[in-house]
Amino acid sequence: MPATDTLSSEQVIDLAKRYLIGNYTRYPVCLVRGEGSWVWDAEGNRYLDFFPGWGCGILGHCPPRVVEAVREQVATLIHVPNTWYTEPQALLARALSERTDFGGVCFFCNSGTEANEAAIKLARLNGKPKGKYKILTFTGSFHGRTMGALTATAQPKYHAGVEPMLPGFVYAPFGDLAAAEKAIDAETAAVLLEPIQGEGGVNPAPPGFLEGLRELCDKNGMLLMLDEVQTGMGRTGAWFAHQHWKVQPDVVTLAKALAGGVAMGGVIARPDVGEKLKPGTHAATFGGNPLAARAALATIEAIEQDGLLDRAVRIGERFAARFQALKAKCPLVLDVRVKGTMIGLELAVDGAPVVQGCLAKGLLVNCTHQTVIRLLPALTLTDEQVDEGCDVLDDVVLNLKA
Ligand SMILES: *Cc1c(COP(=O)(O)O)cnc(C)c1O
């Protein structure tokens with residue numbers, strides 16, 4: 001058998017079921033091609049994608065600038081280890097640093113969970129001389145699947161069966177500043193949280209929470225570390241979501257949208273914190289490779305040159321108006337939470353039938369936390385596409401049975 005061939009969806013699904021480990025729940029659809037917010041399956045059916053690449057496709061599928069940059073780079077230099085300097089990596093570090101308000105310095109890896117592992121190490125290395133090693137995280141969080149980031153993820157369902165978890169983590173309810181204060185002690189090195197919880201159901205930090213944590217960190221010599229793997233790179237209408245709160249973090253972690261759909265993760269740290277990662281303390285073989293770095297540079301360029309931070313805000317306003325109108329008509333819609341292109345529609349019922357109903361009508365959406373329909377659409381989504389998808393969602397949600 002040749003390694004690649006043109007197969008029907010049915011043949012692909014049959015192979016996958018036979019040869020892949022079954023750790024994912026998949027829809028019986030085989031996708032073959034994408035362009036912007038459209039994606040096609042092997043049978044030629046077209047779908048409108050409100051969740052491109054699980055949040056990685058911030059510019060939609062195959063964005064032309066990223067495609068061009070990768071095409072050029074792949075024929076020039078794909079990968080060299082970090083024993084050498086490369087221009088794309090240096091340019092990317094500067095580009096990210098200049099878009100923070102704290103002149104951060106960067107470390108690159110390949111995924112969100114890896115970025116958070118690096119942050120956990122930073123917290124421990126930074127805290128060590130003061131006897132601090134514990135990290136405070138919050139209920140409903142999601143930080144990744146490797147053992148450190150998974151321990152940081154304060155959701156028992158993700159820990160079940162793979163215990164014991166890593167020592168040195170403490171948890172408090174998200175949004176509860178008094179509980180956070182109670183959970184810390186002299187050994188707490190850092191607080192790690194998403195400014196808007198993604199997987200937890202699109203929950204923004206309530207007013208005063210981030211500010212309060214910043215104060216708590218300052219008072220107790222702890223680092224404020226923000227997981228912006230989902231909220232970063234313009235998703236919410238600012239380069240980083242924490243910029244909406246005007247709170248300065250000490251460490252920010254990135255991945256998902258960072259390289260416009262190419263695998264990449266990163267950490268941006270305050271320079272005096274970043275310097276704690278010295279030669280020998282941490283590394284990632286593929287981290288910051290020229291291919292991913294060029295893709296990330298092209299992503300930043302596209303967002304900036306096409307005015308997409310502002311566009312993210314407009315897209316969010318349009319969705320908010322549509323969903324508020326739906327909520328007024330439908331008692332099953334409990335809440336609408338929108339920050340730019342990070343969008344949650346909380347239902348009184350299980351959201352899985354909504355995802356199925358939309359799929360049957362050619363619209364791709366996500367459901368998280370059982371009852372929250374989550375959208376992370378491309379910043380290039382048009383008004384017409386917003387309306388077309390919202391018409392489908394209206395139809396599906398209005399026909400839900402309580
Ligand atoms: C997706 C996600 C992660 C994990 O990223 P991976 O690339 O899957 O390891 C971590 N934190 C947040 C907030 C995420 O949304």
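The model is predicted: local features need pLDDT of at least 70, side-chain atom pairs count only at pLDDT 80 or more, and totals for chains, interfaces and linings use all residues. Residues are numbered from 1 along each chain as its sequence is written, and side-chain values use heavy atoms, with hydrogens and water left out.

## Overall fold

The protein chain holds 13 helices and 17 strands. Its radius of gyration is 21 Å, close to the 21 Å that the globule rule gives for 402 residues, so the chain is as compact as a globular protein of that length. The radius is taken over C-alpha atoms, and the rule is 2.2 Å times the number of residues to the power 0.38. Along its principal axes, the C-alpha trace spans about 60 × 55 × 45 Å. Buried residues account for 52% of the 402 residues. Here buried means under 20% relative accessible area, exposed over 50%, and partly exposed in between (1.4 Å probe, protein chains only). Helices (H or I, at least four residues) and strands (E, at least two) are DSSP runs, numbered from the N terminus.

## Strand S5

Why is strand S5 largely enclosed by the rest of the structure? Five of the five residues of S5 (residues 134-138) are buried, so the strand is largely enclosed. In a regular strand, side chains alternate between the two faces of the sheet. Both faces of S5 are covered. Lys134, Leu136 and Phe138 are buried on one side, and Ile135 and Thr137 are buried on the other.

S5 has two parallel partners among the strands described here. Strands pair if DSSP finds at least two bridges between them. Three bridges join S5 to strand S7 (residues 188-193). Leu136 has Val191 as its bridge partner in S7. Four bridges join S5 to strand S6 (residues 169-172). There, Phe138 is partnered by Ala172.

## Ligand site

Which residues are around the ligand? They are Ser111, Gly112, Thr113, Asn116, Phe142, His143, Gly144, Glu194, Asp227, Val229, Gln230 and Lys256. A residue is counted if one of its heavy atoms lies within 4 Å of the molecule. By class, this shell has two nonpolar, seven polar and three charged residues. Ala, Val, Leu, Ile, Met, Phe, Trp, Tyr, Cys and Pro count as nonpolar, Asp, Glu, Lys and Arg as charged, and the others, Gly among them, as polar. Helix H4 (residues 112-127) gives the largest share of the shell, three residues.

| Residue | Protein atom | Ligand atom | Distance |
|---|---|---|---|
| Thr113 | backbone N or O | oxygen | 2.8 Å |
| Phe142 | polar backbone atom | nitrogen | 3.1 Å |
| Asp227 | polar side-chain atom | nitrogen | 2.8 Å |

The protein covers 81% of the 390 Å² of accessible area that the ligand has on its own. Accessible areas come from the Shrake-Rupley method with a 1.4 Å probe; for residues, only the protein chains shown count as cover.

## A four-strand sheet

An open sheet has the strand order S1-S2-S3-S15, with mixed pairing. Its edge strands are S1 (31-35) and S15 (363-364), each pairing on one side only. S1 and strand S2 (residues 38-41) run antiparallel and are joined by four bridges. Gly34 stands opposite Val39 in S2.

## Single residues

His159 sits in helix H6 (residues 156-159). It is buried, at 11% relative accessible area. A polar atom of the His159 side chain lies 2.7 Å from the backbone oxygen of Leu150.

Thr100 lies in the loop between helix H3 (87-99) and strand S4 (105-109). At 7% relative accessibility, Thr100 is buried. A polar atom of its side chain is 3.4 Å from the backbone nitrogen of Phe102.

Lys17 and His79 are 62 residues apart in sequence and 32 Å apart in space, C-alpha to C-alpha.

Val267 belongs to strand S12 (residues 265-269). Val267 is buried, at 3% relative accessible area.

Terms used: Polar contact = N/O pair within 3.5 Å; in protein donor to acceptor, adjacent residues only side chain to side chain.
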